[in-house]
Amino acid sequence: MAVARALPQRARRLVGAWCFADHFGPVAVDGAAGMRVGPHPHIGLQTVSWLVAGEVLHRDSLGSEQLIRPGELNLMTAGRGIVHSEETPGGSTWPLHGVQLWVALPEAERHREPAFHHHSDLPVLDADGVRVTVLMGSLFGATSPAVAYTPLVGLELAVDRAERTLALPLDPTYEYVVLVLDGGFEVDGLVVPPDVMAVVEPGSLGVDLRSTAAGHALVLGGAPLGEEVAMWWNFVARTRPELEAAAAVWSDGGFGTVHGFRGPRIPAPVPWWLPTAD
Ligand code: MN
(Lines give C-alpha, C1' and ligand atoms only; values in the text may rest on other atoms or scores of the structure.)
Protein backbone atom coordinates (compact mmCIF):
# COMPACT_ATOMS: atom_id res chain seq x y z
CA MET A 1 0.00 0.00 0.00
CA ALA A 2 1.39 3.40 -0.95
CA VAL A 3 1.93 5.57 2.10
CA ALA A 4 2.92 9.22 2.04
CA ARG A 5 4.70 10.39 5.17
CA ALA A 6 3.97 14.01 5.93
CA LEU A 7 5.56 14.00 9.39
CA PRO A 8 8.29 13.93 10.52
CA GLN A 9 10.33 15.68 7.86
CA ARG A 10 13.86 17.00 8.15
CA ALA A 11 12.61 20.57 8.05
CA ARG A 12 9.65 19.94 10.35
CA ARG A 13 9.64 17.30 13.08
CA LEU A 14 6.80 18.52 15.29
CA VAL A 15 3.65 20.56 14.81
CA GLY A 16 2.62 21.26 18.37
CA ALA A 17 2.78 17.76 19.82
CA TRP A 18 1.79 16.16 16.48
CA CYS A 19 4.85 14.11 15.59
CA PHE A 20 3.82 11.69 12.85
CA ALA A 21 1.38 11.69 9.93
CA ASP A 22 1.04 8.89 7.38
CA HIS A 23 -1.51 9.16 4.58
CA PHE A 24 -2.55 5.85 3.00
CA GLY A 25 -4.71 5.17 -0.05
CA PRO A 26 -7.13 5.56 -1.59
CA VAL A 27 -6.59 1.94 -2.54
CA ALA A 28 -9.06 -0.72 -3.64
CA VAL A 29 -9.67 -3.57 -1.20
CA ASP A 30 -10.92 -6.97 -2.27
CA GLY A 31 -11.30 -9.09 0.84
CA ALA A 32 -7.81 -10.56 1.16
CA ALA A 33 -5.89 -7.38 0.40
CA GLY A 34 -6.02 -4.12 2.29
CA MET A 35 -4.39 -3.32 5.61
CA ARG A 36 -2.79 -6.01 7.75
CA VAL A 37 -0.50 -4.69 10.46
CA GLY A 38 0.35 -7.32 13.05
CA PRO A 39 0.79 -6.74 16.78
CA HIS A 40 3.37 -4.05 17.52
CA PRO A 41 4.05 -1.87 20.56
CA HIS A 42 3.91 1.87 21.17
CA ILE A 43 5.17 4.04 24.02
CA GLY A 44 5.01 7.74 24.81
CA LEU A 45 2.40 8.77 22.25
CA GLN A 46 -1.25 8.75 21.24
CA THR A 47 -2.23 7.18 17.94
CA VAL A 48 -5.02 9.05 16.17
CA SER A 49 -6.64 6.91 13.47
CA TRP A 50 -8.94 8.55 10.93
CA LEU A 51 -10.52 7.21 7.76
CA VAL A 52 -11.84 9.08 4.75
CA ALA A 53 -13.09 5.79 3.31
CA GLY A 54 -13.16 2.12 4.23
CA GLU A 55 -12.99 0.30 7.53
CA VAL A 56 -10.22 -0.96 9.81
CA LEU A 57 -10.41 -3.34 12.75
CA HIS A 58 -8.33 -2.34 15.78
CA ARG A 59 -7.34 -4.78 18.51
CA ASP A 60 -5.10 -4.03 21.48
CA SER A 61 -3.54 -5.52 24.59
CA LEU A 62 -6.21 -3.91 26.79
CA GLY A 63 -8.73 -6.22 25.12
CA SER A 64 -10.24 -3.53 22.90
CA GLU A 65 -11.70 -4.70 19.60
CA GLN A 66 -13.08 -1.79 17.61
CA LEU A 67 -14.07 -1.29 14.00
CA ILE A 68 -13.40 2.23 12.78
CA ARG A 69 -15.30 3.86 9.92
CA PRO A 70 -15.20 7.32 8.30
CA GLY A 71 -16.32 10.03 10.71
CA GLU A 72 -15.13 8.07 13.73
CA LEU A 73 -11.93 8.47 15.72
CA ASN A 74 -9.82 5.77 17.30
CA LEU A 75 -7.61 7.31 19.95
CA MET A 76 -5.07 5.05 21.62
CA THR A 77 -2.97 6.47 24.43
CA ALA A 78 0.14 4.32 24.64
CA GLY A 79 1.60 5.89 27.77
CA ARG A 80 4.10 3.44 29.27
CA GLY A 81 3.27 0.78 26.71
CA ILE A 82 0.53 -0.88 24.66
CA VAL A 83 0.34 -3.35 21.78
CA HIS A 84 -2.14 -3.22 18.91
CA SER A 85 -2.97 -4.67 15.51
CA GLU A 86 -4.85 -3.09 12.63
CA GLU A 87 -6.40 -4.90 9.70
CA THR A 88 -9.03 -4.68 7.03
CA PRO A 89 -11.88 -6.84 8.33
CA GLY A 90 -12.60 -10.01 6.37
CA GLY A 91 -15.03 -9.51 3.51
CA SER A 92 -14.50 -5.77 3.36
CA THR A 93 -14.99 -4.39 -0.13
CA TRP A 94 -14.64 -0.71 0.62
CA PRO A 95 -11.71 1.22 -0.80
CA LEU A 96 -9.35 2.23 1.99
CA HIS A 97 -8.25 5.82 2.50
CA GLY A 98 -7.09 7.44 5.72
CA VAL A 99 -4.42 8.72 7.99
CA GLN A 100 -2.47 7.49 10.96
CA LEU A 101 -1.38 10.35 13.20
CA TRP A 102 0.69 10.37 16.36
CA VAL A 103 0.72 12.89 19.17
CA ALA A 104 3.77 12.94 21.47
CA LEU A 105 2.88 12.85 25.15
CA PRO A 106 4.51 15.50 27.33
CA GLU A 107 7.00 14.51 30.01
CA ALA A 108 4.44 14.58 32.82
CA GLU A 109 2.05 12.22 30.98
CA ARG A 110 4.19 9.93 28.88
CA HIS A 111 4.45 7.12 31.48
CA ARG A 112 0.72 7.06 32.21
CA GLU A 113 -1.41 3.92 32.01
CA PRO A 114 -2.40 2.97 28.46
CA ALA A 115 -5.97 3.60 27.29
CA PHE A 116 -8.12 3.24 24.20
CA HIS A 117 -11.15 5.32 23.22
CA HIS A 118 -13.45 5.22 20.22
CA HIS A 119 -15.30 8.45 19.42
CA SER A 120 -18.25 8.27 17.04
CA ASP A 121 -19.84 11.50 18.32
CA LEU A 122 -17.39 14.14 17.13
CA PRO A 123 -18.63 17.69 16.46
CA VAL A 124 -19.38 18.27 12.78
CA LEU A 125 -19.83 21.86 11.62
CA ASP A 126 -21.05 23.17 8.29
CA ALA A 127 -19.15 26.34 7.52
CA ASP A 128 -20.47 27.69 4.21
CA GLY A 129 -20.37 24.26 2.60
CA VAL A 130 -17.12 23.16 4.18
CA ARG A 131 -17.90 20.25 6.47
CA VAL A 132 -15.52 20.46 9.40
CA THR A 133 -15.12 17.56 11.81
CA VAL A 134 -13.36 18.38 15.07
CA LEU A 135 -11.18 15.32 15.73
CA MET A 136 -9.36 16.88 18.67
CA GLY A 137 -9.47 20.25 20.35
CA SER A 138 -12.05 22.94 19.57
CA LEU A 139 -13.36 25.08 16.75
CA PHE A 140 -16.13 27.71 16.82
CA GLY A 141 -17.00 26.66 20.38
CA ALA A 142 -17.40 22.98 19.47
CA THR A 143 -15.05 20.68 21.37
CA SER A 144 -14.07 17.11 20.61
CA PRO A 145 -14.53 14.63 23.45
CA ALA A 146 -11.13 13.14 22.61
CA VAL A 147 -8.63 13.73 25.41
CA ALA A 148 -5.30 15.36 24.57
CA TYR A 149 -2.51 16.09 27.04
CA THR A 150 -1.18 19.26 25.42
CA PRO A 151 -3.15 22.10 23.80
CA LEU A 152 -3.80 21.02 20.22
CA VAL A 153 -6.37 20.79 17.46
CA GLY A 154 -7.07 18.37 14.62
CA LEU A 155 -9.71 19.14 12.00
CA GLU A 156 -10.93 17.37 8.89
CA LEU A 157 -12.27 19.59 6.13
CA ALA A 158 -14.49 17.94 3.51
CA VAL A 159 -15.82 19.70 0.41
CA ASP A 160 -18.08 18.51 -2.38
CA ARG A 161 -16.69 20.79 -5.07
CA ALA A 162 -14.31 23.58 -5.93
CA GLU A 163 -14.80 27.17 -4.71
CA ARG A 164 -15.78 26.33 -1.16
CA THR A 165 -14.14 28.84 1.13
CA LEU A 166 -13.44 28.95 4.83
CA ALA A 167 -11.82 31.70 6.89
CA LEU A 168 -10.38 29.51 9.61
CA PRO A 169 -9.52 31.29 12.88
CA LEU A 170 -6.22 30.22 14.40
CA ASP A 171 -4.64 30.45 17.82
CA PRO A 172 -1.57 32.61 17.24
CA THR A 173 0.33 30.69 19.94
CA TYR A 174 -0.08 27.39 18.02
CA GLU A 175 1.92 25.91 15.17
CA TYR A 176 -0.25 24.75 12.22
CA VAL A 177 -0.05 22.71 9.04
CA VAL A 178 -2.62 21.92 6.38
CA LEU A 179 -2.32 18.47 4.81
CA VAL A 180 -4.39 17.84 1.68
CA LEU A 181 -5.55 14.22 1.39
CA ASP A 182 -7.39 14.42 -1.93
CA GLY A 183 -8.73 17.11 -4.20
CA GLY A 184 -6.93 20.39 -3.67
CA PHE A 185 -6.98 23.50 -1.57
CA GLU A 186 -5.53 26.95 -1.71
CA VAL A 187 -4.07 28.03 1.63
CA ASP A 188 -3.82 31.80 1.78
CA GLY A 189 -3.77 31.74 -2.02
CA LEU A 190 -1.05 29.09 -2.26
CA VAL A 191 -2.11 26.00 -4.23
CA VAL A 192 -1.56 22.87 -2.12
CA PRO A 193 -1.89 19.51 -3.89
CA PRO A 194 -2.44 16.16 -2.14
CA ASP A 195 0.38 15.00 0.15
CA VAL A 196 1.99 18.40 0.33
CA MET A 197 1.99 19.84 3.82
CA ALA A 198 1.42 23.57 3.96
CA VAL A 199 3.04 25.19 7.00
CA VAL A 200 1.09 28.20 8.24
CA GLU A 201 3.07 31.35 9.07
CA PRO A 202 3.76 31.36 12.85
CA GLY A 203 1.63 33.80 14.80
CA SER A 204 -1.20 33.86 12.25
CA LEU A 205 -4.65 34.77 13.54
CA GLY A 206 -6.34 32.94 10.69
CA VAL A 207 -5.91 31.29 7.34
CA ASP A 208 -8.06 31.47 4.20
CA LEU A 209 -8.85 28.12 2.65
CA ARG A 210 -10.41 27.61 -0.77
CA SER A 211 -11.10 24.30 -2.44
CA THR A 212 -9.98 23.70 -6.03
CA ALA A 213 -11.85 20.37 -6.25
CA ALA A 214 -13.96 18.02 -4.16
CA GLY A 215 -11.80 16.46 -1.48
CA HIS A 216 -10.46 16.36 2.04
CA ALA A 217 -7.78 18.10 4.06
CA LEU A 218 -6.55 17.99 7.61
CA VAL A 219 -5.60 20.94 9.75
CA LEU A 220 -3.22 19.99 12.56
CA GLY A 221 -2.07 22.48 15.14
CA GLY A 222 -0.90 22.81 18.68
CA ALA A 223 1.10 24.66 21.25
CA PRO A 224 4.83 24.05 20.76
CA LEU A 225 5.73 20.95 22.79
CA GLY A 226 8.90 22.57 24.10
CA GLU A 227 10.57 19.20 24.66
CA GLU A 228 13.18 17.32 22.66
CA VAL A 229 11.69 13.98 21.66
CA ALA A 230 13.54 10.91 20.44
CA MET A 231 11.45 8.96 17.93
CA TRP A 232 12.31 5.58 16.50
CA TRP A 233 10.18 2.74 15.13
CA ASN A 234 6.91 2.86 17.11
CA PHE A 235 8.32 4.62 20.13
CA VAL A 236 8.40 8.21 21.29
CA ALA A 237 10.82 8.80 24.17
CA ARG A 238 13.50 11.29 25.12
CA THR A 239 16.78 9.39 24.72
CA ARG A 240 18.25 6.62 22.58
CA PRO A 241 18.90 4.32 25.59
CA GLU A 242 15.22 4.62 26.42
CA LEU A 243 14.31 3.59 22.86
CA GLU A 244 16.74 0.65 23.06
CA ALA A 245 15.19 -0.43 26.37
CA ALA A 246 11.70 -0.35 24.85
CA ALA A 247 12.87 -2.51 21.95
CA ALA A 248 14.38 -4.96 24.45
CA VAL A 249 11.11 -5.14 26.39
CA TRP A 250 9.27 -5.95 23.16
CA SER A 251 11.86 -8.54 22.10
CA ASP A 252 11.45 -10.21 25.51
CA GLY A 253 7.69 -10.53 24.94
CA GLY A 254 6.64 -7.54 27.01
CA PHE A 255 4.09 -4.71 26.64
CA GLY A 256 1.17 -7.14 26.49
CA THR A 257 -0.65 -9.43 24.09
CA VAL A 258 -3.22 -8.84 21.36
CA HIS A 259 -5.80 -11.61 21.21
CA GLY A 260 -7.66 -12.46 18.02
CA PHE A 261 -5.17 -11.34 15.40
CA ARG A 262 -4.05 -14.29 13.29
CA GLY A 263 -0.40 -13.70 12.63
CA PRO A 264 2.94 -13.06 14.30
CA ARG A 265 4.08 -10.04 16.29
CA ILE A 266 6.18 -7.59 14.30
CA PRO A 267 9.80 -7.88 15.48
CA ALA A 268 11.63 -4.72 16.51
CA PRO A 269 14.36 -3.69 14.08
CA VAL A 270 17.87 -3.15 15.40
CA PRO A 271 18.33 0.55 16.25
CA TRP A 272 20.27 2.04 13.37
CA TRP A 273 22.68 3.87 15.68
CA LEU A 274 23.95 0.66 17.34
CA PRO A 275 27.04 -1.11 16.00
CA THR A 276 26.18 -4.20 13.94
CA ALA A 277 27.16 -7.68 15.21
CA ASP A 278 29.70 -8.32 12.43
MN1 MN B 1 0.55 1.30 15.52
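Leaving out neighbours within four places in sequence, Leu 57 is in contact with Glu 65, Gln 66, Leu 67, Ser 85, Glu 86, Glu 87 and Pro 89. Leu 57 belongs to strand β5. Its relative accessibility is 13%, so it counts as buried, the cut-off being under 20%. Leu 57 and Ile 68 are 11 residues apart in sequence, yet their C-alpha atoms are 6.3 Å apart in space. All of this is read from a predicted model.

## Strand β8 and its partners

How does β8 pair with β5? The two strands, with β5 at residues 56–60, are antiparallel and share four bridges. Across this pairing, His 58 stands opposite Glu 86.

Strand β8 also pairs with β3. These two run antiparallel as well, joined by five bridges. Here Pro 41 stands opposite Val 83.

Is β8 enclosed or open? Six of its six residues are buried, so the strand is largely enclosed by the rest of the structure. Ile 82, His 84 and Glu 86 point one way from the strand. Val 83, Ser 85 and Glu 87 point the other way. Both sets are buried.

## The manganese ion

Which residues hold the protein donors of the manganese ion? They are His 40, His 42 and His 84, as the table shows.

| Donor residue | Donor atom | Distance from manganese ion |
|---|---|---|
| His 40 | NE2 | 2.1 Å |
| His 42 | NE2 | 2.1 Å |
| His 84 | NE2 | 2.1 Å |

Along the chain, the donors follow the spacing H-x1-H-x41-H.

The largest nonpolar core has 38 residues. Trp 18, Val 48, Leu 73, Leu 101 and Met 136 have the most contacts inside it. Several strands give two or more residues to this core, among them β1 (3–7), β2 (18–27), β4 (45–53) and β7 (73–77). Others on that list include β12 (130–136), β17 and β20 (206–222). Which strand gives the largest share? That is β9, with five residues.

Leu 101 shows what such packing looks like. Not counting residues up to four places away in sequence, Leu 101 touches Trp 18, Phe 20, Ala 21, Gln 46, Thr 47, Val 48, Leu 218 and Leu 220.

There is also a second, separate core of 28 residues. Its members include Leu 139, Val 192, Val 207 and Ala 223.

## The largest pocket

Rolling a probe the size of a water molecule over the atoms shows where empty space is left. The largest pocket here has a volume of about 660 Å³. It is lined by 28 residues, and the closest to its centre are Arg 5, Phe 20, Asp 22, Trp 102 and Asn 234. Elements that give two or more residues to the lining include β1, β2, β8 and β21 (230–232). The largest share of the lining, four residues, comes from β3.

Glu 186 is part of strand β17, residues 175–187. Is Glu 186 buried or exposed? Its relative accessibility is 17%, so it counts as buried. Beyond its neighbours within four places in sequence, Glu 186 is in contact with Val 191, Asp 208, Leu 209, Arg 210 and Thr 212. Asp 188 lies in the loop between β17 and β18 (190–192).

## Backbone exceptions

Most residues other than glycine have a negative phi, and most peptide bonds are trans. Asp 188 has a positive phi, near 50°. Trp 233 has a positive phi too, of about 50°, although it is not a glycine. Trp 233 is in the loop between β21 and β22 (235–237). At 22% relative accessibility, Trp 233 counts as partly exposed.

Where are the cis peptide bonds? One runs from Leu 7 to Pro 8, with omega near -10°. Another joins Gly 25 and Pro 26, where omega is about 5°. Pro 8 lies in the loop between β1 and β2, whereas Pro 26 is in strand β2.

Notes. Residues are numbered from 1 along each chain as its sequence is written. This is a predicted model: local features need pLDDT of at least 70, side-chain atom pairs count only at pLDDT 80 or more; totals for chains, interfaces and linings use all residues. Side-chain values use heavy atoms; hydrogens and water are left out. Buried means under 20% relative accessible area, exposed over 50%, partly exposed in between (1.4 Å probe, protein chains only). Contact means heavy atoms within 4.5 Å. Donors are N, O and S atoms within 2.8 Å of the metal (3.2 Å for Na, K and Ca); water is not among the atoms, so sites may look incomplete. A nonpolar core is a set of buried Ala, Val, Leu, Ile, Met, Phe, Trp, Tyr and Cys residues joined through side-chain atoms within 4.5 Å. Two strands pair if DSSP finds at least two bridges between them. On a 1 Å grid over the protein atoms alone, a cavity is a set of points where a 1.4 Å probe fits but cannot get out, and a pocket is an open set with protein on both sides within 12 Å along at least five of seven lines; lining residues have an atom within 4 Å of a point. Grid points are joined across faces, edges and corners, and a volume is the space filled by probe spheres set on the points.
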